[in-house]
Amino acid sequence: MRHRLLPALLVTAALAGCGGQTGTADGKFEIVTAFYPLQFLSERIGGDVVSVTNLTKPGAEPHDIELTPRQVGDVAEAGLAVYIKGFQPAVDQAIDQEAKDKSFDAASVVPLLKASGEEEHGHEHEEAESGEDPHVWLDPVRFSTIAEKLGERLAEADPEHAAGYRERAKALVAELGTLNTEFADGLKTCERRELVTSHTAFAYLASRYDLHQVGISGIDPEAEPSPQRLAAVAKEARETGTTTIFFETLVSPAVAETIAREVGAKTAVLDPLEGLVDQKGDYLSVMRQNLAALTAGLGCS
């Protein structure tokens, strides 16, 4: 795992100007977010009184990003930095050094699941340094708690617009509640409950809706599964009658396709929403696409 932040921190003061600014030229409150799901929350809760800068570009794999000097400057200048500690080491380092007192760690307001261990997936998960799974946004219930707490944190950081933040957070919590109901109803009765995925990003979703995740790779999507792991997944897929192997948008489908051919299954996309590719969609619409893929792939009535 690369942890390079460049010598950017040496020039942050120059980039950040006077360092005390938290607003844009048009008076909007500045928020920096680590990757897409947190950008979605910040934009929806912040509304038109905020300006949101996302550190992970659309379509980029966020696990191992490196920050440019300009991005470190963005962190330093922001009124609030929103992230998940332990997920992106470069972001953690920048926030720790430049925005420690003006940050919101989404992982601190909800209980996290333990990351799957090496004994199951044949390699270590370097970025899950705390031993916890960071993919909490894939559980709409936990995500709604994060939305509520972010609304409160924004109200504290920008009290002039506190009422609006709380109102928009409340509305978003209601939308996420509807999404949770759709998932619970859609996945209630399925022919299969084994969720075979290219990497174990979906533990929160599986836990919430009583599915059994079988990951080909572990938490790190770029890690290569061992031959033993491939054989174990293929064996379990045959034994459980798996008909669909799910792969994700930002990772090569090659390994999933290999398993699918071996067991006579098809493949389908399940989006972990770490870096949104389709700019026409958003968190809610892509999650509903995931639900449609799951109900088809698991034979849900």
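Guide: Buried residues make up 54% of the 301 residues in the protein chain. The model is a predicted one, in which local features need pLDDT of at least 70 and side-chain atom pairs count only at pLDDT 80 or more, while totals for chains, interfaces and linings use all residues. Residues are numbered from 1 along each chain as its sequence is written, and side-chain values use heavy atoms, with hydrogens and water left out.

Visitor: What makes R153 count as buried?

Guide: The relative accessible area of R153 is 15%. Buried means under 20% relative accessible area, exposed over 50%, and partly exposed in between, with a 1.4 Å probe and protein chains only; R153 is therefore buried. R153 is found in helix α6, where helices (H or I, at least four residues) and strands (E, at least two) are DSSP runs numbered from the N terminus. Leaving aside neighbours within four places in sequence, R153 is in contact (heavy atoms within 4.5 Å) with L80, D101, K102, S103 and F104.

Visitor: How many helices and strands does the protein chain have?

Guide: The secondary structure comes to 11 helices and 8 strands. Of the contacts in the protein chain with a separation of 6 or more, 66% are between residues 24 or more positions apart.

Visitor: Why are α2 and α6 called oblique to each other?

Guide: Helix α2 (residues 36-46) and helix α6 (residues 140-157) pack at about 55°, their axes 10 Å apart. The axes are lines fitted to C-alpha atoms, for helices over the stretch in contact, and angles run from 0 to 180 degrees between N-to-C directions. Angles under 35 degrees count as roughly parallel, over 145 as roughly antiparallel, 65 to 115 as roughly perpendicular and the rest as oblique; α2 and α6 are therefore oblique.

Visitor: Which residues make the contact between α2 and α6?

Guide: From α2 come P37, F40, L41, S42 and I45, and from α6 come F143, I146, A147, L150, G151 and L154. By class, this contact of α2 with α6 has 9 nonpolar, 2 polar and no charged residues. For these classes, Ala, Val, Leu, Ile, Met, Phe, Trp, Tyr, Cys and Pro count as nonpolar, Asp, Glu, Lys and Arg as charged, and the others, Gly among them, as polar.

Visitor: What makes α2 oblique to α7?

Guide: The axes of α2 and helix α7 (residues 162-186) come within 7 Å and cross at roughly 125°. That angle makes α2 oblique to α7. The contact joins F40, L41, R44, I45 and G46 of α2 to G164, Y165, R168, A169, L172 and E175 of α7. By class, the contact of α2 with α7 has 6 nonpolar, 2 polar and 3 charged residues.

Visitor: How many aromatic pairs does a search of the whole structure find?

Guide: The search finds 7 aromatic pairs. Rings of Phe, Tyr and Trp (its six-membered ring) pair if their centres lie within 6.5 Å; planes under 30 degrees apart count as stacked, over 60 as edge-to-face and the rest as tilted.

Visitor: Why is the pair of F35 and W137 called edge-to-face?

Guide: The rings of F35 and W137 stand 4.9 Å centre to centre with 65° between the planes, which gives an edge-to-face pair. F35 lies in the loop between β1 (29-33) and α2, and W137 in the loop between α5 (118-121) and α6, so the pair ties together parts that are 102 residues apart in sequence. F35 and W137 are both buried.

Visitor: Why is the pair of Y36 and F40 called tilted?

Guide: The ring centres of Y36 and F40 are 6.4 Å apart and the planes are at 45°, so the pair is tilted. Y36 and F40 are 4 residues apart in helix α2, and therefore separated by about one helical turn. Y36 and F40 are both buried, and together with F143 and Y283 they form one aromatic cluster.

Visitor: How do you know whether D210 is buried or exposed?

Guide: The relative accessibility of D210 is 56%, so D210 counts as exposed. D210 lies in the loop between α8 (203-208) and β6 (212-217). Phi of D210 is near 60°, a positive value in a residue other than glycine.

Visitor: And what makes L273 count as buried?

Guide: L273 has a relative accessible area of 0%, and is therefore buried. L273 is found in the loop between β8 (266-269) and α11 (283-297). Phi of L273 is near 65°, a positive value in a residue other than glycine.

Visitor: Why is E30 called buried?

Guide: E30 has a relative accessible area of 17%, so E30 is buried. E30 has its place in strand β1.
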